[in-house]
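Work through the exercises below with the coordinates open.

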Amino acid sequence: MPTDAVSTTAELKPLINESSRIKVSSSLDRSAGKKHLTDGSPETCWTSQQGLPQFIQITFDRPVIPRVVHITFQGGFVGKRCALSVVPAASSEDEGKSPATAKMSHLTVIYPEDVNRRQTFELPETSPVAQLKIVFEESSDFFGRITIYDLQVTGLPSGA
């Protein structure tokens, strides 16, 4: 369920920045591309092509500890069941693998509401991660499309 506030003594910081890499399963077209996920504009969005599952994979520029995911969907095009997985920072470094080839570990499942407003999901405690992947397993759209106007991940830089 979405939460309104996260109680934490540490100050959470935005973890997605210009150096983060974002990969998506598909984009409807260039006007609805992945760059619009984090551009901060309420006028632009990412829309997937039809079919499930769809995903968003974020590779952070440094190890981070994600605590909260904020998503603003387009009502009617909502990922109703979303599995979140991570690549632990230590596993990609220790095994000499790049984050792209390191093994994903299940983190949690979230269940967004079919609404237009920003939804906030607190994440379980985790060790530092190199990547976060959100897999949209179900959609409120009959054709399986997902539309997101804003995606933010907040948390702590590793070592904070």
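This is a predicted model: local features need pLDDT of at least 70, side-chain atom pairs count only at pLDDT 80 or more; totals for chains, interfaces and linings use all residues.

## Exercise 1: The chain as a whole

**Task.** How many helices and strands does the protein chain have, and in what order do the elements run?

**Solution.** 
- Step 1. Count the elements: one helix and nine strands.
- Step 2. Read from the N terminus: β-β-β-β-β-α-β-β-β-β.
- Step 3. Turn to burial. Of the 160 residues in the protein chain, 45% are buried.
- Step 4. Sort the contacts by sequence separation. Take those between residues at least 6 apart; 79% of them join residues at least 24 apart.

## Exercise 2: The largest nonpolar core

**Solution.** 
- Step 1. Start with the general expectation. In soluble globular proteins, nonpolar side chains tend to be buried together.
- Step 2. Take the core itself. The largest nonpolar core has 29 residues. Those with the most contacts inside this core are I56, F60, V69, L84, F136, I148 and L151.
- Step 3. Assign elements. Two or more residues come from each of β2 (21-24), β4 (54-73), β5 (79-88), β6 (105-110), β8 (129-139) and β9.
- Step 4. β4 gives the most, with seven residues.

## Exercise 3: Aromatic pairs

**Task.** What geometry does the pair F73 and F136 have? Which parts of the chain does this pair tie together?

**Solution.** 
- Step 1. Search the whole structure. Three aromatic pairs turn up.
- Step 2. Take F73 and F136. Their ring centres are 6.2 Å apart, with 85° between the planes, and the pair is edge-to-face.
- Step 3. Locate the partners. F73 lies in strand β4 and F136 in strand β8, so the pair ties together parts that are 63 residues apart in sequence.
- Step 4. Check burial. F73 is buried at 1% relative accessible area, and F136 is buried at 0%.
- Step 5. Take F142 and F143. This pair is also edge-to-face: 5.2 Å between centres, 85° between planes.
- Step 6. F142 is exposed at 76%, while F143 is partly exposed at 43%.
- Step 7. Look for a cluster. W46, F73 and F136 form one aromatic cluster.
- Step 8. List the surroundings of F136. Beyond four places in sequence, F136 touches W46, L52, P53, Q54, F55, I56, F73, G79, R81, C82, I146 and I148.
- Step 9. Inspect two of these contacts, L52 and P53. A cis peptide bond joins L52 and P53, with omega about -5°. P53 is found in the loop between β3 (46-47) and β4.

## Exercise 4: T147 and the cysteines

**Task.** Is T147 buried or exposed? How many disulfides are there?

**Solution.** 
- Step 1. Read the accessibility. At a relative accessible area of 5%, T147 is buried.
- Step 2. Find a polar partner. The T147 side chain makes a polar contact with the T47 side chain at 3.0 Å.
- Step 3. List the other contacts. Beyond four places in sequence, T147 touches residues including C45, W46, T72, F73, Q74 and F77.
- Step 4. Follow C45. Its relative accessible area is 13%, so C45 is buried. C82 is buried too, at 0%.
- Step 5. Apply the disulfide cut-off: two cysteine sulfur atoms within 2.5 Å. The count is zero disulfides.

Note on methods: Residues are numbered from 1 along each chain as its sequence is written. Side-chain values use heavy atoms; hydrogens and water are left out. Buried means under 20% relative accessible area, exposed over 50%, partly exposed in between (1.4 Å probe, protein chains only). A polar contact is a pair of N or O atoms within 3.5 Å; within protein, one must be able to donate a hydrogen and the other to accept it, and residues adjacent in sequence count only if both atoms are side-chain atoms. Contact means heavy atoms within 4.5 Å. A nonpolar core is a set of buried Ala, Val, Leu, Ile, Met, Phe, Trp, Tyr and Cys residues joined through side-chain atoms within 4.5 Å. Helices (H or I, at least four residues) and strands (E, at least two) are DSSP runs, numbered from the N terminus. Rings of Phe, Tyr and Trp (its six-membered ring) pair if their centres lie within 6.5 Å; planes under 30 degrees apart count as stacked, over 60 as edge-to-face and the rest as tilted.
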